[in-house]
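Good morning. I have one structure to go through today, and I will define terms as they come up.

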Amino acid sequence: MTSNSPEVTVDVVVIGAGPTGENVADRAVQGGLSAAIVESELVGGECSYWACMPSKALLRDAAALRAARALPAAGKAVTGDLDATAVLARRDQFTSGWDDGGQVDWLTGAGITLVRGQGRIADTRTVTVTDADGTTTTLHARHAVVVATGSAALIPPITGLADVDPWTNREATGATSIPDRLAIIGGGVVGAEMATAFSALGSQVSLVSRTRVLPGVEEFAGKHVAEALEANGVTIHTGVDAVEARRDDSGDVRLTLSDDTTVTADEVLVAAGRTPNTKDLGLENVGLTPGSWLEVDDSLAVVSDGTPVGDSWLYAAGDVNHRALLTHHGKYQARALGDLIVARARGEEPDLSTWGRHAATADERAVTQVIFTDPEVIAVGHSAESAKAAGIEVGVVDHDLGAVAGSSLHADGYRGQARMVIDEQRNVLVGFTAVGPDTAELLQAATIAVVGEVPLDRLWHAVPAYPTISEIWLRLLETAGRDR
Ligand SMILES: Cc1cc2nc3c(=O)[nH]c(=O)nc-3n(C[C@H](O)[C@H](O)[C@H](O)COP(=O)(O)OP(=O)(O)OC[C@H]3O[C@@H](n4cnc5c(N)ncnc54)[C@H](O)[C@@H]3O)c2cc1C
Ligand SMILES: NC(=O)c1ccc[n+]([C@@H]2O[C@H](COP(=O)([O-])OP(=O)(O)OC[C@H]3O[C@@H](n4cnc5c(N)ncnc54)[C@H](O)[C@@H]3O)[C@@H](O)[C@H]2O)c1
């Protein structure tokens, strides 16, 4: 840093302008504080350009086509295959051609100062930002520094993998053409969604996973997705690791699996989990370990050995704190945290009670997720297994989602399943999972039931309209029985 490098003092400095960082800064400004946000790549973060939005744009046309083909007359009206070029062009619209001008306009309009460059924590409440020209700006925060730097694809230590130029989520969501053969390492959410997308767009997909498909959700949901992927021509290898990768002279990638099987492909996508963006963040300057996830307390203050760093000036939200690697949970944390920083700046005590204004209670009790595979998976709160592990007296109620009038009207041969996980002592829902075509929009009803801790007796009065897929609620309640 040179002596004449710019110095700026604001109330709050946020490092990382992904969905989380943008929302923390916005809440702080709405609360009357000044905020600067530091971004080394594109304002909008991974979600806007290489994750949620482009991946869903790659999936949407195929989902619409499937829905039409599940009906006899509409199916007859649909001829031909998906136009992959048109799908990629629509994806480009959603990423604005990887130009963040629109999001920068939003930031500016919200009264947030954008500082472009790599942010590093230099000292207590001090962040240095080095831009592409090497110029360093020093930002001083009167109240708080928030780390919202997100995560990147984890590249596992597989022999030869780095040498085959593997795709990560960035190359997959930004693909400019569809490979004839795509091998995917990882059967989690990214692997399953990208297998759905690329198989529909014309790739011959091989999915390799150490675990079952979608290990993070109830087993029945992953099973439905795996069966559908196989029915769509995806070859699935579960219970195996990819142990070696080589690209031969013809350009083919050969993956050797732990059961000695070989998978040959044109490209290999690594979807084996995430690593925190904390390697080059100056964590060592405040006694933290570079490259680690940032552990936080209930106020989202970064802790080291269980104790907040300094006097709780350093916070972490979004993927980087590893609570729930989902955009909407990062934004939820951001709203609580932005308001908490404002409260503390005003000398007010934050409300960190369960479901209190400044507590991110849903991260523990009601994480919500939609997995946009074929069929879709929705989940909120506990699975049966996680509820048992949490010491809850669990009641599990399952029902065939296809055996509902609304489902049978929705699509011929509709297949799916739904599960309620009940806390028997309190007679409330603590978890809900469903798998089936077009279930995404059912999730919020379940979320309200879980977050509202609505007694099952009262849920009987939430009358689902006939004939909708939501009638699954009535079927589940009937299966659970009214005299509980
Ligand atoms: C393929 C894929 C699909 C996904 N789909 C969904 C989905 O459908 N729904 C969903 O809810 N979630 C989805 N996710 C997860 C979602 O993308 C993340 O949870 C979300 O992006 C996290 O937001 P964030 O703001 O914490 O971090 P990010 O979006 O990663 O943003 C962090 C920002 O910080 C910047 N940054 C990092 N380090 C520095 C530094 N030192 N200085 C300055 N700037 C820095 C980065 O450039 C980035 O812009 C998906 C993920 C993947 C990989
Ligand atoms: N729709 C959504 O909400 C959505 C979509 C995509 C991603 N995401 C989020 O992004 C995060 C990352 O997703 P992800 O799929 O990368 O990670 P993940 O942790 O969900 O799954 C990783 C998978 O890779 C497997 N694996 C790891 N190393 C392996 C190896 N060497 N060989 C074979 N298999 C291996 C694991 O067993 C696991 O099945 C998730 O937490 C998810 O919440 C969300």
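This is a predicted model: local features need pLDDT of at least 70, side-chain atom pairs count only at pLDDT 80 or more; totals for chains, interfaces and linings use all residues.

Residues are numbered from 1 along each chain as its sequence is written, and chains are lettered from A and ligands numbered from 1 in the order in which they are written.

First, the record. An unreviewed UniProt entry lists residues 11-330 as "domain: FAD/NAD(P)-binding". UniProt positions are given in the numbering used here, feature names are shortened, and annotations may be inferred rather than shown by experiment. In the model, that span is 30% helix and 26% strand, and its end C-alpha atoms lie 21 Å apart. Helices (H or I, at least four residues) and strands (E, at least two) are DSSP runs, numbered from the N terminus.

The unreviewed UniProt entry also lists a "binding site": Lys 56, Gly 119, Thr 149, Gly 150, Ser 151 and Asp 319.

Gly 119 lies in strand 4, residues 118-123. Gly 119 counts as buried because it has 28 C-beta neighbours inside 10 Å. The cut-offs are these: buried means 20 or more other C-beta atoms within 10 Å of the residue's own, exposed means 12 or fewer, and partly exposed is in between, with C-beta atoms placed from the backbone. Leaving out residues up to four places away in sequence, Gly 119 touches Ile 15, Val 38, Val 127 and Val 129. Contact here means that the two C-beta atoms, placed from the backbone, lie within 7 Å.

Asp 319 sits in the loop between strand 18 (314-316) and helix 10 (327-345). Asp 319 is buried too, with 31 other C-beta atoms within 10 Å.

Next, the helix pair. Helix 3 (residues 52-69) and helix 8 (residues 189-200) pack at an angle of about 50°, with their axes 9 Å apart. Axes are lines fitted to C-alpha atoms, for helices over the stretch in contact, and angles run from 0 to 180 degrees between N-to-C directions. That makes helix 3 oblique to helix 8; under 35 degrees would be roughly parallel, over 145 roughly antiparallel, 65 to 115 roughly perpendicular, and the rest is oblique. Ser 55, Leu 58, Leu 59 and Ala 62 in helix 3 meet Glu 193, Thr 196, Ala 197 and Ala 200 in helix 8.

Finally, the backbone. Where are the cis peptide bonds I want to show? One joins Asp 374 and Pro 375, with omega about -5°, and Pro 375 is in the loop between strand 19 (368-371) and strand 20 (376-381). Another runs from Tyr 466 to Pro 467, with omega near -5°.

Ser 96 has a positive phi, near 50°, and is not a glycine. Ser 96 lies in the loop between helix 5 (84-94) and helix 6 (101-109), and counts as partly exposed with 16 C-beta neighbours inside 10 Å.
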